[in-house]
Amino acid sequence: MSELAIIAVAGIAGLAVTFIMGFSLVPWLGKLEFGQSYPAFEKKQPAPLMGGILLVIGTVSAVILSVSTDKIAGGEIISSGSLIAQEMQTKFWSGLFMALSFSLVGLTDDYYRIKTRLNTGLTIKQKTVMQFFIILAYLTGLYMGMNGMPYMFVPFYGNTEPGFFYWIIGFLVIYAAVNAVDITDGIDGLC
């Protein structure tokens with residue numbers, strides 16, 4: 001089975017799982033009153049919380065399906081085409097762990113909002129500390145996977161070895177990307 005076919009099957013499976021679960025999970029969360037009220041938005045009361053769990057379950061099921069299907073077919077989708085197969089395995093599993101860990105931070109934030117019945121969840125400091133340790137674990141995994149010689153790909157330039165700046169650049173880029181998504185998710189919830 002070709003890699004393109006496996007990726008297509010995974011995408012369709014992830015979409016199907018998310019779509020099917022949406023019909024049962026969203027009403028269930030509504031019955032549990034897992035929502036947040038915004039005084040300025042009376043038409044959308046309460047705004048649903050914890051809906052991101054659909055995306056997490058859909059993504060994880062797509063990953064499991066694609067990797068399993070590829071293994072059964074005798075392929076190696078994670079590290080195919082790479083000269084350093086073990087490094088690709090480390091990047092893949094570290095990235096999946098990081099994504100799930102950030103999802104847990106979001107779940108904790110939403111759960112805290114529901115539990116306290118306030119419109120505020122975790123504080124910025126609490127989220128930052130959690131995110132710092134997740135990013136540190138991810139960058140450490142990559143560092144170890146690259147045998148202590150980390151490199152970064154720079155568009156139009158190629159691979160470069162940033163040395164100590166690997167940690168600083170890695171942290172800043174990941175932290176900014178994660179929080180940019182968090183900000184847009186909050187805006188989406190208000191809309």
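Me: Which residues of α4 are buried?

Reply: Buried means under 20% relative accessible area, exposed over 50%, and partly exposed in between, with a 1.4 Å probe and protein chains only. In α4, the buried residues are Lys127, Gln131, Ile134, Ile135, Tyr138, Leu139, Gly141, Leu142 and Gly145. Looking down the axis of α4, you find these buried residues within an arc of 150°, so they line one face of the helix. The arc is taken from the directions that run from the helix axis to the C-beta atoms. Turn to the other side of α4, and Lys125, Phe133 and Met144 are exposed.

A note on what you are viewing: this is a predicted model, in which local features need pLDDT of at least 70, side-chain atom pairs count only at pLDDT 80 or more, and totals for chains, interfaces and linings use all residues. Residues are numbered from 1 along each chain as its sequence is written, and side-chain values use heavy atoms, with hydrogens and water left out.

Me: How many helices and strands are in the chain?

Reply: Both are DSSP runs numbered from the N terminus: helices are H or I with at least four residues, strands E with at least two. The chain has 5 helices and 4 strands, arranged along the sequence as α-β-β-α-α-α-β-β-α. Of its 191 residues, 30% are buried.

Me: Which residues make up the largest nonpolar core?

Reply: In soluble globular proteins, nonpolar side chains tend to be buried together. A nonpolar core is a set of buried Ala, Val, Leu, Ile, Met, Phe, Trp, Tyr and Cys residues joined through side-chain atoms within 4.5 Å. The largest one here has 12 residues: Met98, Phe102, Val105, Ile134, Ile135, Tyr138, Leu139, Leu142, Met146, Met152, Tyr166 and Ile174. Two or more of them come from each of α3, α4 (124–145) and α5 (165–190). The most, 5 residues, come from α4.

Me: What is isoleucine 174 in contact with?

Reply: Contact means heavy atoms within 4.5 Å. Beyond its neighbours within four places in sequence, isoleucine 174 is in contact with Met98, Phe102, Ile135, Tyr138 and Leu139. Compare leucine 172, which sits in α5 and counts as exposed because its relative accessibility is 52%. Its C-alpha atom is 9.6 Å from that of isoleucine 135, 37 residues away along the chain.

Me: Is serine 101 buried or exposed?

Reply: Serine 101 belongs to α3 (residues 85–116), and it counts as buried because its relative accessibility is 11%. For its polar side, a polar contact is a pair of N or O atoms within 3.5 Å; within protein, one must be able to donate a hydrogen and the other to accept it, and residues adjacent in sequence count only if both atoms are side-chain atoms. The side chain of serine 101 reaches the backbone oxygen of phenylalanine 97 at 2.8 Å.

Me: And where is serine 66?

Reply: Look in helix α2 (residues 52–72) for serine 66. At 12% relative accessibility, serine 66 counts as buried. A polar atom of its side chain lies 3.1 Å from the backbone oxygen of valine 63. Leaving out residues up to four places away in sequence, serine 66 touches Ile6 and Ala10.
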